[in-house]
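Work through the exercises below with the sequence and the model open. Each task is followed by a solution in steps.

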Amino acid sequence: MNVLSLTLLGVLCSSLLTGLIIFFLKEESHRLRTWLNLLGAGLKLVLVAALLRGVYLGKTYAWSFEFLPGLPLALGADANSMLFVTLSTVLWFWTTLYAVGYLEDSPHRSRFFGFFSLCVTATTGIALSANLMTFLIFYELLTVSTYPLVVHRGTRKALQGGRVYLTYTLLGGAILLLAVAWLYSLAGPVPFKERGVIQGLMVSHRRELQWLFLLFMIGIGVKAAIAPLHGWLPRAMVAPAPVSSLLHAVAVVKAGAFGIVRIVYDVYGAENAAELGVLPPLAIAAGVTIVYGSVCALFQDELKKRLAFSTVSQVSYIVLGAAILGPLAAIGGLVHLVHQGLLKITLFFGAGNYAETLGIHRVSEMNGVGRRLPLTTAAFTVAALGMIGVPPLAGYVSKWYLSKGAVTAGDHWVTVVLAASSLLNAAYFLPILYRAWFLPPPEKWPAEHSFGRWETHWMLLAAPLVTAALVIWAGVFAESAFSPLAWVKLIAAREYGP
Amino acid sequence: MPDADPRLYLLAGLALFAIGFYSLVVQTHLLRRIMALNVMGSGVFLAFLALALKAAAPMPDPVPHAMVLTGIVVAVCATGLALALADRVQALEANEETPAPEEPPSAETGSEPEDAG
Amino acid sequence: MSGLILGPLVAAALAFTFPKRGRGMAWAAAGVVGIAVLSLIRAVLGGGVQSHRVSGWGAPLGIDLRADGLAVLLLALTALIAVAVTGYAAPYLRAADSPEARHRERYFWPLLLFLWTALNALFLSRDLFNLYVALELLGFAAVALVALEGKGDALRAALRYLFVSLSASLFYLLGVALVYGQCATVDLALVAERAPRGPALTVALALMTGGLIAKAALFPLHFWLPPAHANAPAPVSALLSALVVKGAFYLLLRLWFEALPVFHTPAAARLFGMLGAAAILWGSINALTQSRLKLLIAYSTVAQLGYLFLVFPLMTGRDGRFGAWCGGLLLLGAHACAKTAMFLVAGNILRAAGHDRIRELAGIAQVLPVSAFALGLAGVSLVGLPPSGGFAGKWLLLSAGLREGQWWVAAVILVGSLLAAAYIMRVMTRAFAPAVPGTWVRPVPPIMEGTALALALVAVGMGLAGSWFVELLWLGGPWP
């Protein structure tokens, strides 16, 4: 065990141990819990930064442990995993801060933050998994640790949402388990490797591989909320706002999208998958989901539900990127993994602020919120415009590469889908912005809280402002050396390069 | 005994076993069911003895006899336990509210391993 | 090795004679057995299969004790569960200071120790007749423990259990007689050497298997289990579900894979597998419809026992053999720990709420957070989510099934897991609902919650130690 593998474990343990300690804290020790939370998140940030530097310099990180003979639990850090792990760690830090402010007076905070930390541990584990088995383990751990968060409020609606969530994800998990076991029985332990690991089976087990791909996509597609497997996502929005951000931006949906990327690039290999003819159906499913999610979002009055359907639509951009052969589309999809996370978390922070500060849950109640919460609404606006794809914000970059990739690959229908989706995005976001800025505020807000100096609690304000700034940075400085785009180009070069 | 065909004893044992099992399933009275169990047990023991005889040797094989002895001890204990339980059940059914404790079964089982092990 | 049997036996006798010292005796026995098991594990891992001739007499006439990987694993499991139950039972039995409670405590300890003796004897014995004696003693102790509650339902369930258990033993014994008639020995290894394939042994094996299946509560002979396990006191339910039924299963393994492996034909194996699959489905569906928590857990036992019998069809081929064996036994161990934890949690809930009607249990997570956590973790293992022992076991069975091309086994495992998730979710949903005032009337001592959590953690952690289990199970297993 050397320093390198210790860093790897440290990234996991920084949230795992904090989570376990927090479980046993007394409900009243508010300050200690907050410090522990932030300490864990901060430490993780530092470790991830170290890891990022190491991977950039070409160091290899690996740690493994055989929990059954011939079945290692292996962690590693490649360019792909760093993309996800950095995203989730950065966002986790701000989500934690936000959650501390958001849950100021609610009950069972120890339980909440305990599972919160476990959830992020699982996400980090998914990102750092070096083989399919490890991925599966953390994937299921994520399911289990998010359930208590979804039902945290304990209301009938929350419990129902939780039940739907578990039903979908456990079904998906069972299918994924079957797929993994099947692939293992064909190919032995499956480490993740650029360009895939199934070359040896391409001729002899063609049909099996096609079926397996379908199973994988169903199993993981549940978390990635590909239609028609998305049903849980809008219902899980009953959870508190920080949990929604976790579900939509940091952990669950992202884990699904990341899993699909892993399967396509590092298990099958994009070229092998294309050879097997499994990519076009995936692309079509993604395209349908993109349009379908946007159309559904259009008809939601509840703000969080509208955002949830928007997630359904946006996550499929990532899937679409993976499903179109060629480096440009890959770049577009992968970079959207980061961009969608930044955009969506900002939107959910905003929605949380409206709910927590003014008691606003519906779009129709949002008249004039821009005057009462100008900073929050500014952040919200930046993210909404980014989603629509207004240059030079983050969303524009993703869409640009995706459509360029599709044209290069000859899939012209994709540009139509993207254009339609952008129009729909505008159709459901712009009215919100219009209401917020240009309509007069009502006499009285549904349930207003006052937080002294700032428009809302400072922790609730800091998080969206920072993530909105990141949105601008990821778009404006996309071509600089330190941007998600630059990193993604590195990955695409490794997958498709000579 | 050496004159009779040992197979006859074996068949008789199996018949006893079958009769006992049949009554165990069919009867509802607790005492009858306990008796049925004993009949089944006797059938098994008879089968053991018959098989001991079957070995083509001048003397019967002693090992099955030892087994039967042990088996009888076990069967006595089992009957005791069953009777005690049945007694309690009937007492309770006769008078549902008497919450009196019951102990013979544990006494029985507690003393047993010395004989059987 | 004799200490493993004599230790709890002597303690049982002493605990019976000196009722006030019952708990102390249990701890003393736990110490003795604990040390003996640990040294035995070391010896087996270091030097392979260990055997011991009681008082120096050899196999055909004397009694041989033998510890291979399988036996050691079960001995260790028994010790673990017994120690946990000992820790839990002390405050549990002291709940009320009534004559009944004292009476219960008076007999609980000797019976517990006696049960432990019988189990250890069962795992170490090497001949069919001694195995019969151990099995019978096990049955007596179990029945008496079920009756301990002293109420009408418990007594009736105990009596029904006794009838099933005794007649099943007699079936087994008749089979032993026939085996002796054919082979002139009852030693497992010698039977395996001498066994001629023929109708007499087929009948013998069928009789023994029938009896053991009833004892192991394999569908459709499971009918006695839910009432017996649900009406017993919580620590007793835990012992019964975790260990007693496994005793019979253990004997089936010995019988089919060591004494008479020639009869392990694909057809027979498939029959076992079918019954196992039916048990999984039937038990899970029944668990879904129960209104009482303890009955739900008991039906879950019926279902989980079904998985163990999937080992039989998977052992027919070459590729999946070892994996299936390890998978089944890992599942057995994980189930034992998880199920104990669940029954102990049920005991805590009964203590706190005075009943175990699932509908009215809102707020477990709020009032008994540690118990709720234990229940959740045990559920994770039962469902087979990673990295629990249940997952490792199911994974091994699943991959054995896929490797052997037995798809139906894979399907049954997956469907069973989903059903398990559904019935666990029924309880967990209540756990997270807000507590209704007046539901939770009494506090629960921390040790009772802690024991449950510890066992649930073991069940979940077991998966990570899978390699160790596999290494142990390799020793002396049924392969050349």
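**Exercise 1. The nonpolar core**

Find the residues that touch the most other members of the largest nonpolar core.

Solution. Start with the rule: a nonpolar core is a set of buried Ala, Val, Leu, Ile, Met, Phe, Trp, Tyr and Cys residues joined through side-chain atoms within 4.5 Å. Buried means under 20% relative accessible area, exposed over 50%, and partly exposed in between, with a 1.4 Å probe and protein chains only. The largest such core has 440 residues, and those touching the most other members are A:Leu132, A:Phe216, A:Tyr268, C:Phe108, C:Trp256 and C:Trp395. Next, take A:Tyr268 and list its contacts (heavy atoms within 4.5 Å). Leaving out residues up to four places away in sequence, A:Tyr268 touches, among others, A:Arg195, A:Leu209, A:Phe213, A:Phe216 and A:Leu276.

The model is predicted: local features need pLDDT of at least 70, side-chain atom pairs count only at pLDDT 80 or more, and totals for chains, interfaces and linings use all residues. Residues are numbered from 1 along each chain as its sequence is written, chains are lettered from A and ligands numbered from 1 in the order in which they are written, and side-chain values use heavy atoms, without hydrogens and water.

**Exercise 2. Which chains touch**

Which pair of chains has the most contacts?

Solution. Two pairs of chains touch, and the pair B and C has the most contacts. Chains A and B share no contact; their closest C-alpha atoms are 39 Å apart.

**Exercise 3. The interface of chains B and C**

Describe what chain B brings to chain C.

Solution. First, chain B itself: five helices and zero strands, where helices (H or I, at least four residues) and strands (E, at least two) are DSSP runs numbered from the N terminus. Of its 117 residues, 39% count as buried. Second, the contact: 44 residues come from chain B and 38 from chain C. The buried area, which is the accessible area (1.4 Å probe) that two parts lose on being put together, summed over both, is about 3,700 Å², with 83% from carbon and sulfur atoms. Third, the charged pair: B:Glu93 and C:Arg156 form a salt bridge at 2.9 Å, N to O. The rule asks for a side-chain nitrogen of Lys or Arg within 4 Å of a carboxyl oxygen of Asp or Glu, and the count between these chains is one. Helices H1, H2, H3, H4 and H5 of chain B each supply at least two residues of the side that touches chain C. H3(B) gives the most, 16 residues.

**Exercise 4. The interface of chains A and C**

Solution. Begin with the extent: 34 residues of chain A contact 31 residues of chain C. About 2,900 Å² is buried between them, 84% of it from carbon and sulfur atoms. The elements of chain A giving two or more residues to the side that touches chain C are strands S1 and S2 and helices H4, H5 and H6. H6(A) gives the most, with 14 residues.
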